[in-house]
Amino acid sequence: MQIYLVGGAVRDDLLGRPVVDRDHVVVGAMPDELLALGYKPVGKDFPVFLHPRSGEEYALARTERKTGRGYHGFVFQADATVTLEQDLARRDLTINAIAQDEHGTLTDPYHGVRDIEARVLRHVSDAFVEDPVRVLRVARFAARFAPLGFTVADETMALMQRMVRDGEVDHLVPERVWAETRKALTEPQPSAFVRVLRDCGALAVLFPEIDALYGVPQRAEFHPEIDTGVHLEMVLDAAARLAPGNDIVGFCALVHDLGKALTPVDELPRHVGHEHRGVAPLRALAERLKVPTEHAALAEQVCREHLNAHRAFELKPATVLKLLSALDALRRPVRLELFLAACEADKRGRLGHESDAYPQADYLREARAAAASVDAAAFVEQGLVGPAIGEAMNAARVEAIALVKTKHS
């Protein structure tokens with residue numbers, strides 16, 4: 001029995017990044033041997049075990065053979081005859097196909113170390129085309145490693161394009177598409193996820209509402225980048241800087257401007273009412289991919305209200321209260337913070353405006369605090385009952401917001 005550290009742990013160590021998950025492959029063993037040593041079985045499709053003390057994953061070396069469409073159509077072989085090189089051959093990218101033994105010696109049959117040094121995401125073998133999830137994984141790794149200078153190898157991009165043409169991507173189930181997208185939205189440069197999917201043609205298949213934004217012009221005085229697709233990429237990266245690792249803010253950024261793809265051609269480059277047009281495609285995307293309810297709900301609020309956030313200082317106090325109430329911000333201040341992060345990302349996601357201040361955020365925070373400080377007890381003491389209490393509280397909250405607005409004017 002030989003045990004090797006594999007995959008992301010080896011890759012990240014070579015990149016000088018923190019190692020989060022440590023996965024191992026066991027060569028020359030059978031399941032009974034690991035069970036006898038106290039390892040706990042967890043794998044359903046193939047033998048994976050948890051170490052009795054560390055809890056880290058240990059998988060028997062295995063090969064896989066394609067038997068059908070999509071990513072479920074595989075038959076696995078896992079036994080003592082499978083070699084380390086065979087196990088590494090089934091992995092997606094060369095940078096993930098490096099093993100390290102207990103002495104620190106690397107086994108790198110597919111030149112992953114060279115590709116790490118060259119900052120290239122390259123497939124291990126032509127078997128890459130057998131699993132359509134790999135298209136999403138490459139895009140997600142691009143979002144993670146683009147800041148380090150990584151790009152997708154030309155031959156790997158060509159394979160991904162072929163997979164799209166052959167219809168393999170059509171067989172991805174919504175849950176898997178969302179799982180990979182959600183992870184990509186937590187990476188430091190999520191625009192690379194969208195860009196790689198677009199370059200291989202998968203964006204039009206999986207996210208047609210987003211793909212439709214490319215080539216749609218905006219007014220140059222407000223959007224020097226002009227192209228709405230480019231704006232989207234900039235907003236995604238701004239969101240990643242403002243709310244690192246937050247996939248809710250990332251999703252809000254991803255879908256906030258879908259309505260611009262539906263602007264009548266004769267109205268371009270203006271987009272009057274795009275915030276309302278965007279609700280229908282947003283709902284369609286969220287339903288198709290089975291996006292979590294809270295993600296979809298907050299994204300819809302950002303879609304509808306991001307322009308109101310931008311012009312917060314121009315809004316009447318009563319309208320500000322209506323905005324805060326729509327967000328349920330008086331009860332859930334964290335929701336306001338997520339909303340504001342997405343709106344600020346939209347404001348900064350423009351060419352030459354990446355460092356713009358966003359004083360609207362502090363104003364809306366103060367307005368929320370002022371409105372939330374209004375308490376029903378005072379009105380009960382005045383003898384008010386029923387709906388009269390709510391009306392009095394609403395009027396007091398509007399007045400409190402008005403005082404905040406005076407301070408900011």
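The following questions and answers concern a predicted model.

User: Which helix gives the most to the lining of the second largest pocket?
Analyst: The second largest pocket has a volume of about 530 Å³, and 20 residues line it. At least two lining residues each come from α15 (293–310) and α17 (333–348). The helix that gives the most, with 3 residues, is α15.

User: How many residues in the lining of the second largest pocket are charged?
Analyst: Phe 222, His 223, Lys 260, His 274 and Leu 307 are the lining residues that lie nearest the centre of this pocket. Across the lining, 4 residues are nonpolar and 7 are polar. The number of charged residues is 9.

User: How many of the 10 residues of helix α8 are buried?
Analyst: Helix α8 spans residues 191–200. Its buried residues are Ser 191, Ala 192, Phe 193, Val 194, Val 196, Leu 197 and Cys 200.

User: Which residue just after α8 takes a positive phi?
Analyst: Just after the helix, a positive phi of about 95° is taken by Gly 201.

User: Is Ile 3 buried, exposed or partly exposed, and why?
Analyst: Ile 3 belongs to strand β1 (residues 2–6). Together with Met 1 and Leu 37, Ile 3 makes a nonpolar surface patch of about 270 Å². Buried means under 20% relative accessible area and exposed means over 50%. Because its relative accessibility is 32%, Ile 3 counts as partly exposed.

How values were computed. Residues numbered from 1 in each chain as written. Predicted model: local features only at pLDDT ≥ 70, side-chain atom pairs only at ≥ 80, totals over all residues. Heavy atoms only, no water. 1 Å grid on protein atoms, 1.4 Å probe; cavity = no way out; pocket = protein on both sides within 12 Å on 5 of 7 lines; lining within 4 Å. Points joined across faces, edges and corners; volume = space filled by probe spheres on them. Helix = DSSP H or I, 4+ residues; strand = E, 2+ residues; numbered from the N terminus. Nonpolar A, V, L, I, M, F, W, Y, C, P; charged D, E, K, R; others polar. Buried < 20%, exposed > 50% of the residue type's maximum accessible area, 1.4 Å probe, protein only. Patch = residues over 30% accessible without salt bridge, like charges linked within 9 Å, V, L, I, M, F, W, Y side chains within 5 Å. Areas by Shrake-Rupley, 256 points an atom, 1.4 Å probe, with all protein chains shown as cover. Salt bridge = Lys/Arg side-chain N within 4 Å of Asp/Glu carboxyl O.
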